[in-house]
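Please keep the viewer open as you read.

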Amino acid sequence: MPIQSHRIAKGIYHHQYTGNLTSDEFLQGASMEKRWAEDDSVEKVVIIMDCSQLKTFPMNLGKLIKGFNGNELATLVYRAAPIAERFGEIIAKITSEPIEFYDNWDEIVARAHQVLDDAKVE
């Protein structure tokens, strides 16, 4: 299975991608995020996408954009390949979705909690 997903905390959801990811599998992850947010009774979420074991990712920009539900405070991407980072930057510009890239797991988890905490204060 190229995607394994779990909750890190209420409102912080993690996807671990491995191998060859299709756009349909990517969209399944987005669907899961939406269900979890409903189950957690939260309107805004932080997504962590772990690409450290990803070999190939979908190049269908249209489908990738559909994977962003509009309820993300931020999407934090761990160890993305340079081409995946470029795609992320394009998606961020098109969707106005905050997308950040990290190479340190502890930093990305800390940032996820910070983003969520900052949103609670506002």
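## Salt bridges, sheet and backbone

Glu85 is partly exposed, with 22% relative accessible area; buried here means under 20%, exposed over 50%, and partly exposed in between (1.4 Å probe, protein chains only). Before going further, note that this is a predicted model, in which local features need pLDDT of at least 70 and side-chain atom pairs count only at pLDDT 80 or more, while totals for chains, interfaces and linings use all residues. Residues are numbered from 1 along each chain as its sequence is written, and side-chain values use heavy atoms, with hydrogens and water left out.

Glu85 has a charged partner: its side chain meets that of Arg86 in a salt bridge, at 4.0 Å from N to O. The term stands for a side-chain nitrogen of Lys or Arg within 4 Å of a carboxyl oxygen of Asp or Glu. Side chains of opposite charge can pair when their charged atoms come close. Arg86 also forms a salt bridge with Glu89, where the closest N and O atoms are 3.1 Å apart. Glu89 and Arg86 are three residues apart in helix 3, so about one helical turn separates them. Helices (H or I, at least four residues) and strands (E, at least two) are DSSP runs, numbered from the N terminus.

By this rule the model has six salt bridges. One of them joins Arg7 and Asp39, with 3.7 Å between the closest N and O atoms. Arg7 sits in strand 1 and Asp39 in helix 1 (residues 23–40), so this pair ties together parts that are 32 residues apart in sequence. Together with Asp40, Arg7 and Asp39 are linked in a network of salt bridges.

How accessible are the residues named so far, and some that follow?

| Residue | Relative accessible area | Class |
|---|---|---|
| Asp39 | 58% | exposed |
| Arg86 | 39% | partly exposed |
| Glu89 | 35% | partly exposed |
| Arg79 | 44% | partly exposed |
| Ser96 | 64% | exposed |

Five strands make up an open sheet in the order 1-2-3-4-5, with mixed pairing. Two strands pair if DSSP finds at least two bridges between them. Strand 1 (3–9) and strand 5 (99–102) are the edge strands, each pairing on one side only. On average, neighbouring strands of this sheet are turned by 20° against each other, direction ignored; the axes behind such angles are lines fitted to C-alpha atoms, for helices over the stretch in contact, and angles run from 0 to 180 degrees between N-to-C directions.

Strand 1 pairs with strand 2 (residues 12–20) in the antiparallel sense, over six bridges. Within this pairing, Ile3 stands opposite Tyr17 of strand 2. Strand 2 also holds Gln16. Is Gln16 buried or exposed? Gln16 is buried, because its relative accessible area is 15%. Leaving aside neighbours within four places in sequence, Gln16 is in contact (heavy atoms within 4.5 Å) with Pro2, Ile3, Gln4, Asp50, Ser52 and Gln53.

Finally, the backbone. Most residues other than glycine have a negative phi, and most peptide bonds are trans. Arg79, which is not a glycine, has a positive phi near 50°. Arg79 is placed in the loop between strand 4 (72–78) and helix 3 (82–95). Ser96 is likewise not a glycine and has a positive phi of about 60°. Its place is the loop between helix 3 and strand 5.
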